[in-house]
Amino acid sequence: MTVDVDQAERQGQHPKGHSMQHESPTGRRGRNKQRAPKVTKGEDAPSSSSRMDSVSIETFEYQPAYSARWNVTTADWALLVAISLAAVAVRCYRLSNPGNVVFDEVHFGKFAGKYLNRTWFYDLHPPLAKLMYAAAGHVAGYDGVFDFKQIGLDYAAAGVPYVGMRLLPALLGALTVPATYATARACGYGMDTGVLAALLVCVENGLVTQSRLILLDSPLVFFTVLALLSWAMFWTQQQHAYSRAWWAWLVATGAMVGCAASCKWVGLFLLPAIGLSTIGDLWDKIADRSLTPARWLGHFWARALALMLVPALVYVAWFHVHFTMLSKTSDDALGMTPEFQASLQGGRQVSTDRDVFYGSEIRMRTTHARSGYLHSHAHAWQHAKGSGQQQVTIYGYADANNIWVVEPAFNATVDDSQGLVRVRSGDTVRLRHKSTGRYLHSHDKRPALSSDDQKFELSGYGFADFAGDTNDNFRIDILQGTRGQAGSDVELQAIYSQFRLVHANLRCAVYNSRKKLPKWAFGQIEANCMRNCLPRMSTWHVEFAQHANATGETRRASYQPLGLLGKLWEYNRLMAESNESLTGNHPFAARPQFWPWLRRGTAYWGGHGRLIYQLGNPLVWWGALAALAVFACLRLLVFLLDKRRIRWRLGGSRTHQERYFSSAGFFALAWVCHYLPFFLMRRELFLHTYFPALWMAIMVLAFTVDLLTCRMPRIIRLSVYVAVAAAVLHAFHEFSYITYAREWTKEQCLRAKWLQTWDIDCEHAIGGVRAAVESLAANQTGTNVSVNHSP
């Protein structure tokens with residue numbers, strides 16, 4: 001058999017047996033073509049040198065396929081309008097139902113009120129979505145008084161314009177549907193596939209449920225979809241590099257990535273997805289000999305600026321709005337650093353004597369945690385392995401039990417004949433608790449919450465006529481001072497010196513374990529003495545200092561208010577710590593391995609014969625999962641066939657195959673980037689965390705249906721599309737009762753449990769219970785009873 005190279009290239013077969021790669025709206029460019037000699041079966045393969053002598057290499061123009069612009073036709077506009085109207089109808093149907101606080105509306109509705117009142121609050125998510133709800137509430141007439149403090153509270157009774165606030169996520173959710181159509185069209189697919197993709201998103205019950213409530217995921221999915229739509233549109237401009245449209249779509253991609261990340265950090269997963277696509281594109285551009293190195297660098301810097309700098313600027317900008325809006329202090333501000341609190345109106349302002357002397361009364365605060373102050377009180381340790389001596393803990397509020405007096409080490413004195421003596425780095429001191437008279441003490445006893453032999457109990461020790469012992473001695477090690485405060489790295493200065501307290505005998509440092517003690521220790525935070533600990537949780541600073549015998553004018557110290565970047569760093573560090581520590585045992589938490597096959601949902605609300613249970617459209621979820629598997633199998637199959645030099649094209653042509661592999665391949669890659677990282681997270685996760693990845697899988701599903709039907713007669717292909725649409729519409733209706741909180745019977749509820757793991761609370765379908773009771777009564781009396789249920 002003879003393989004003609006020209007014919008192979010025309011049919012899409014690389015002379016070496018590899019398929020030619022072409023550019024798609026979301027894929028990689030092709031490689032330059034080369035001439036190769038004919039190879040006839042039965043002939044000996046020529047040697048490498050003779051092959052090179054006989055090969056005439058010809059370089060062709062670098063011309064990617066599928067880079068043509070998407071020309072939006074009148075039919076496209078008509079479909080976009082129709083799709084948008086349908087999506088709005090689906091999302092806004094019975095939007096006022098239920099008229100109660102649902103699920104996490106408890107948090108995000110309350111935060112909207114905080115913005116309107118300009119009162120500080122802390123949340124573990126970035127601010128954009130919450131700012132949008134505040135704006136929606138302001139437009140709707142919400143005054144910020146209703147506190148959303150409990151699920152089930154009646155909105156109407158409190159006069160809350162909740163429908164106006166829910167309208168925002170509903171409209172954002174609705175707009176993702178026409179954006180889905182536009183994305184499919186930008187990827188080179190026909191109107192029918194675009195409509196199918198839009199329909200799958202439109203009637204996905206989980207997305208509908210989430211977009212009807214004051215929750216963060218609807219804005220997140222909206223900006224995620226817009227980011228990938230912008231990226232697809234950018235690829236349609238590849239033949240028009242540096243044009244206005246090229247720049248507009250590239251910058252829009254970066255801006256939408258920034259907005260998605262400003263709603264939830266899940267939006268950051270767009271960066272590796274788009275980044276890998278960009279790396280592949282730039283790598284393939286090296287093969288384009290029409291590009292000079294300078295022009296290639298221009299492409300590199302354009303993408304770097306638009307896809308890295310622009311998202312960062314957008315992210316910072318929304319935090320700037322956040323900090324500007326929340327200008328007034330509140331109880332929540334106590335969890336921030338003193339420097340942060342000093343930047344708020346009415347925030348806690350601290351002014352204290354700067355220098356710490358022997359004999360000074362001081363209050364010590366944890367520097368790198370929000371736990372509070374080194375504290376003691378007249379209560380003994382009660383744990384079995386403890387000493388029974390006085391408790392030393394960390395307490396979050398400043399009071400008299402935080403005050404310690406600095407004294408020389410046991411059996412040591414200082415010469416104060418020339419005046420007060422400053423405490424310096426390296427000094428060994430004792431700290432006497434002012435209220436109880438006992439010394440800070442450590443010894444070879446285990447702390448209350450650890451059996452680690454590197455950790456030791458901290459206690460208050462001493463009694464009348466007892467001078468103490470060397471276990472009261474601690475060394476002051478100043479780790480760093482404050483720039484501009486001379487001597488703060490050598491002499492102990494309030495606020496400006498950061499130091500460790502190292503036990504003289506045990507060589508352990510006073511450590512903030514961040515663990516909450518039992519009720520017998522009043523739920524305060526455990527402090528212990530730990531060997532070989534990192535400085536972060538063993539660093540302290542003096543917040544208050546005074547000496548009764550200080551004379552003359554004393555130098556003062558105070559916290560310096562943070563600027564924008566300082567507040568941004570602290571807030572985001574705190575967000576990271578909060579997310580990492582969110583490891584509770586919520587009854588509806590779900591791990592990532594159970595998401596794609598929809599093992600279970602999340603109960604949001606229930607009552608009066610109705611309930612909201614966050615559950616996706618199972619046919620859409622399972623179809624999307626199957627499509628991802630089909631894509632992986634087909635990609636592997638074609639790769640193996642190409643290695644065997646077997647010419648077989650999906651869909652019968654190279655055009656269909658390359659379009660599918662590039663577009664479905666990109667969205668499969670984006671799905672991987674939005675799904676696999678969650679396996680590394682220990683925090684609590686829920687089903688709705690999967691929604692951005694779900695949208696990407698739905699795109700792969702639509703593209704796979706297109707591929708599998710592209711060679712069918714048009715009427716059969718249309719019938720398949722209609723059948724898919726009918727099936728997902730039927731499933732959508734089947735589960736619309738738990739999407740819209742419609743009243744249904746217990747029997748309907750039980751029939752809807754397609755999987756045993758779907759723990760829908762059918763007992764809340766009290767209409768069904770009532771019907772069963774009345775039916776039983778009718779059978780006993782021999783009469784007929786008719787029961788009507790509202791839809």
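Student: Why is Arg-659 called buried?

Tutor: The model is predicted, and in it Arg-659 has a relative accessible area of 12%. Buried means under 20%, so Arg-659 counts as buried.

Student: What makes Arg-659 and Asp-706 a salt bridge?

Tutor: The closest N and O atoms of Asp-706 and Arg-659 are 3.4 Å apart. The limit is 4 Å, so the pair qualifies as a salt bridge. The two residues come from distant parts of the chain, with Asp-706 in helix H18 and Arg-659 in helix H17, 47 residues apart.

Student: Is Asp-706 buried or exposed?

Tutor: Asp-706 is buried, because its relative accessible area is 5% and the cut-off is under 20%.

Student: How do you know that Arg-682 is exposed?

Tutor: Its relative accessible area is 62%. Exposed means over 50%, so Arg-682 belongs in that class.

Student: Which residue meets Arg-682 in a salt bridge, and what does the pair tie together?

Tutor: The partner is Glu-580, at 3.0 Å from N to O.

Student: What makes Asp-759 and Arg-600 a salt bridge?

Tutor: Their side chains meet at 2.4 Å, N to O, which is within 4 Å. Asp-759 sits in the loop between helix H21 and helix H22, and Arg-600 in the loop between H15 and strand E17, so parts 159 residues apart in sequence are tied together.

Student: Why is Asp-759 called partly exposed, and why is Arg-600 called buried?

Tutor: Asp-759 has 30% relative accessibility, and partly exposed covers values between the buried limit of 20% and the exposed limit of 50%. Arg-600 has a relative accessible area of 16%, which is under 20%, so Arg-600 is buried.

Student: How many salt bridges are there in the whole structure?

Tutor: A search finds 25.

Student: Which helices do the buried residues of H12 pack against?

Tutor: They pack against H10, H11, H13, H17 and H18. Among the buried residues of H12 are Leu-270, Ile-274 and Leu-282.

How values were computed: Residues numbered from 1 in each chain as written. Predicted model: local features only at pLDDT ≥ 70, side-chain atom pairs only at ≥ 80, totals over all residues. Heavy atoms only, no water. Buried < 20%, exposed > 50% of the residue type's maximum accessible area, 1.4 Å probe, protein only. Helix = DSSP H or I, 4+ residues; strand = E, 2+ residues; numbered from the N terminus. Contact = heavy atoms within 4.5 Å.
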